[in-house]
Amino acid sequence: MNRPKLKSDIDIEQMEQSPELQQAIERDFGSAIGELPDGFSRRRWMQLMGASLALGGMTGCRYKEEQIAPYAFRPQNRVPGVAEKFASTFDFGGVAQPLLATCFDGRPIKLDGNPDHPNSHGASTSYTQARILEPYDPERLRTPMRKDEGDSKPNAVHNEQNWEALQRFAQPLLSASDLSSVAFLSEQISSPSLLKLKKQLEAKGAKWFVYAPINSDQQLAGSVQAFGKALRPHYQFEQAKIILTLDADPINMDPNGPANARGFALTRDPDQEKMSRMYAIESQFTLTGAAADHRMSVTSTDMAGFVGSLAAAIEATTGKINPDLPYREKMLACIAQDLVDHKGAGMIICGERQPAEVHAAVHALNNKLGNHGKTILFTELPESDTQNHLKAIQDFAGGNFKTAVIVGGNPVYTAPRALKIDETIKGIGNTIYLGQYRNETARCCQWIGNPSHPLEAWTDGYAYDGSVCIGQPLIRPLFNSLSEIELLSTWMGLKTTDGMTIVQETSGLSGNEWSQSVHDGFIANSAAEPVSVTLAGGVKMPAATNGWREEWDGSTLELVFTPSSSVYDGRFANNAWLQELPDALTKLTWDNALLVSPKTYDVLKKSGIRTQMIANVTVGDEMVGLPVLIQPGQADGSLGVAIGYGRTAAGRVGGDGWTGVDPVGVDVNPLRTAKNWHFTSIEAPTETGTSYRLALVQDPWNIDSVGRNEIQNRMFMNKDKRESNRSALVREGSFESYKAFLAEHPIDHSHGHDEGHAEDHKDDHASRPAKTGALPVINNVSFVQPVDEDHDDAHGGGHGDGHGHAHWPEAFHLHHQNFDITPGSRRVYEFRPNEGPEQGHRWGMTIDLTKCMGCHACVVSCQAENNIPVVGKDEVWRGREMHWLRIDRYYGDNLYNSEAKDKMVIHQPVSCHHCENAPCETVCPVAATVHSSEGLNDMVYNRCIGTRYCGNNCPYKVRRFNYFNYTDAVTFLKYPGANKMSDADLAMQNLMMNPDVTIRSRGVMEKCTYCVQRIQAAKIQAKNEHREIGPNEIQTACQQACSTNAVQFGDLANPKSNVRKAYDNPRRYAMLEELNVIPRTSYLARVRNVNPALMEFDDRDAIRGYAERHPEPQPH
Amino acid sequence: MQEFHFPNWVNKFTLMMLAGGLLVAGYLATCLFAAINPSIINIGHQPTQPVPFSHKLHAGRLKMDCRYCHNTVEKTGHAAVPPTATCGNCHGADLTKPGTTLGVVHPDSPLLKPVRVSLETNDPVLWKRVHDLPDFVYFNHSAHVNRGVSCVSCHGRIDKMEVVTQVEPMSMKWCLDCHRNPTPNIRDPQLVTKLDFKSDDPNYHETWAEKLGVNPNTNCSTCHR
């Protein structure tokens, strides 16, 4: 294979399986293999028929008469067909998530973060976004169920029962005066109302156990060791200048992840010359590591030794870094020096995976550095109960109870298997499970009650900052169910059994205060007060070791269990959106895999293990076969695997042994023991010789670097020069370089762009370089933007005060070896915000790669907003996934230091760029994709005949084709069980569709519309109110979901809009600009705050020497 | 074996078959045209409603304003078929129950039974949709009514209809005709519900179109999203 030269753009998969990648690149829209899914995949396809595939096609046909069913009595202020927003909340991992739900005609259709909440400020996660599917999942239980008498089979039949029968069973058990033989088992509880009930039950002798597989056991135990009590840390990212994470993922997989990400992004503003520096030391590649400025892989086992070394290094700081140290040593010295230099403005964050002793040691270090009380605050936990989860589940197993009530969770699947929780539950006489699904645990229980979904009920909960969130119901319970608190109150025989009253009584509010709290979604100023901490004596530093310094010798292996970015701990297994959501780094959908570093792979290869083949992993007596996948950046010797897969009783999406649906992924819980809960040392895995197809999404939509080089060779005169380098898809440079650039070309933050610099660009741009005048020396770089001259001042001022248009020649486009800014006559037509035939608005978008962390919340948000279907694993494998917005991730070698072995990562969200010279439009034979006067690339579904020419001609590969009628599986695919979907089932799924977006049918192209429905709604509203649209009034779905504000959208013609300001940022560049398609979506180059002591290649030289090397061209 | 030849008299059948084929094709084409042409299949669409509500009586003789019932027409996309409670304002009373504040017009009429049932059970009256655009078309009433496009431009003289009938084809061409030349349909937004309004001023429409700055666009995404 003719390997492309820019290897850094290319994925590791490419190096591994070049022929396949080659094929993937060439086939463009997925191969034609198997036009119809074969038998197996057809079945799998049907299994997707969760709530995510929905809507029985379009009913707009003239001949099918529609009915209009108006309210008999329309609720006050309800306007039919207009979305309303309500604040609410639900619990996730023991932390209430403040929500803002969009409801359409009384049904919630989209969930976002609550922008008013003082902690999260509207940040949300992909989980939050995707949970809108839950209430509409046809597989939710609809009635209480009871197991057949005498049936002890694992998949025992449950019969439908009614609530009265369940109450007859439960009430005597729970309203007795002595409850000492009654056990409760739940996950973390954030609800004050439920905690109140818990206290009442415990007062009568009942035992309440709290167990969740993803918990804070180690962190709390570490806090007990360090401070004598269990405290919850609050990392003040906004205040931090130096951040060190140790096996932690605080900005993503953390109870407070979105808020942390937001805080972190606030410190990443290179234009204001404000940049924190983050070091990530970790065994697995996390999004924190990808966002960090420096990342070093250290196995989880060696992390304690690293902390010991760090403590020693902090003692030994001298103020200078010895440049001759080996890289890893030097990194440690830099970290220590930075932390010492920024006392009170740094923080060390230890991940839950590390044992309590390491947490305590990190507390001691933070204390020593004066970070406590400044960058790290502590609060009391809302529930002072600091039960150790793993101990709790053991106590439950050994408890010998007569009655057990299991409130949510799925301990049979998640608990250490050695405990045989299923046997325990079956051995208990009376068991009730309260949950939405008949999962592994429910199947062991005598009775299953199906409580209301949190969106259907009054809820409350403590958010991470301790503030009390109030959740109002957004829809009446679809199945006439009651919520957990209502059920327990009823069964306990309490007086108050109404959800709202319970929540209100717990909150202690009334009148206006109560109404205001319900409206806001939280009680104002209810956040927990930080407590001051004093370090207890006797915290021991772990011994410094050399394990982390040295090259891995290939002998020791550890296996690390990570939460899944899709299914978390397995709870979202039946959520097809999340199952199909690619993992941010592996880009793997519908599976978990054994992740190995390239070097580890080289070693394992000797024993026959191959990527995308099953390898057997053994821990103790348990053996599990897992497909192998190479993950660059993984610590050598550290194998990673996501938990939460291999569910056998999740449903038609996630796997259901009862109806014969195979599980998704592999269950690795058997390998976890209470002792080695997070990681364990293992023997080398053994090969099985079985190949396994993983559905990875980066390959099929890879921007084709082969073709890109070819196009450039043809397009530009100077073939020998590596001009292609200038068009690197992702661009980045160091903060030092950017500061040097800004020193020469300061951005004027004070007064926009009012100076209207005159420059003639009406001539042919290709032949005539821009006049420079007082312009910066950086000129005639291929992507320097020609300066505008029309005074276009219809919108209150021109733009382009000279320096606003200097472009930062980011020194590194992922590969410093090839760095060369080629001088030449090449001029690229650039977008000029004030020129062109258009009138009025010019919609555009920018994405700041410095801020984007690849969390994928935007992808799910887009999916929810735009009714994007799920296609299933086989179709994903064929390259037919439908996500309008994808996030490309590029691995690169460390650009700044050749000694650094760890890969760097840049994420790049890509959706339709709305090119002004859109290549898709010129090839459409039926004009189904055309340009609007506001610069949108409109896609007209009803005109599309499905030639797919547009998709072939799209350089960004953002168009998606409906190979099947994904939203109407019943009529198209006669899958087994399809006929079991009643009309009511289908109607239920229809409820969550966004009625403002057309449902596409088979044979139709689709792609990002810049959320045109939101644009139109805002335009119409502004016109009705006789006003202009505000500069930042319109938010696209992806922008709304972005915790870090990386996405800006708005009117480029409005100088006040954020997007216009971002357009004038010197870091702005267009992807594949040399194609002259003039995309409306631009990126801001990534800035990495590299420690100068760790910079071997100083890209400031590129800025300094540039003017001399490339003298200003003379106009002719 | 003797070769078979078609006799000469077959020749005239060849012609006749060709001609017949053309006729059949023409016939089919006409049928197809008739079956999909919006002005043929849409105009005159007149479904029977569960309650024989007479616009002629209410909007015509009683001169009720359109917006009494279709009260969201200025605010949102849907003009909104009114809730049954609106009917109940006049027709809701049950004379057997004392102290009612609702109107008592035709309290016993069998034709109004669905209304009374709906008021009692809280279930909707299931009206039939007359003007039904395809689901991939997003029409917004408020955007038009606030720009001085009268109800009559699309719905015709509703105030003269005993049973509501579709009078315009509501095809894309028909929409575009107006989007390209909106002036004849523009009037004072205060008068949009005056269905019989005619201006003597020959420049009336031009004046108002200019005053309101009406400049509709014909982008696809204006209606298709």
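**Exercise 1.** Find what joins strand S1 of chain A to strand S1 (residues 127-128) of chain B.

*Solution.* Two bridges join S1(A) to S1(B), and the strands run antiparallel. Strands are DSSP runs of E with at least two residues, helices are runs of H or I with at least four, and both are numbered from the N terminus. Two strands pair if DSSP finds at least two bridges between them. Next, take A:Ile68: its bridge partner in S1(B) is B:Trp127.

The model is predicted: local features need pLDDT of at least 70 and side-chain atom pairs pLDDT 80 or more, while totals for chains, interfaces and linings use all residues. Residues are numbered from 1 along each chain as its sequence is written, and chains are lettered from A and ligands numbered from 1 in the order written.

**Exercise 2.** Describe the side of chain A that touches chain B.

*Solution.* Start with the count: 36 residues of chain A are in contact (C-beta atoms, placed from the backbone, within 7 Å) with 37 residues of chain B. The elements of chain A giving two or more residues to this side are S1 (67-68) and helix H30 (1012-1024). H30(A) supplies the largest share, six residues. By type, this side has 17 nonpolar, twelve polar and seven charged residues. Ala, Val, Leu, Ile, Met, Phe, Trp, Tyr, Cys and Pro count as nonpolar, Asp, Glu, Lys and Arg as charged, and the others, Gly among them, as polar.

**Exercise 3.** State which residues of H10(A) meet H11(A).

*Solution.* From H10(A) come A:Ser309, A:Leu310, A:Ala313 and A:Ile314. Their counterparts in H11(A) include A:Leu332 and A:Val340. The residues of this contact divide into nine nonpolar, one polar and no charged.

Technical notes
Two residues are in contact if their C-beta atoms, placed from the backbone, lie within 7 Å.
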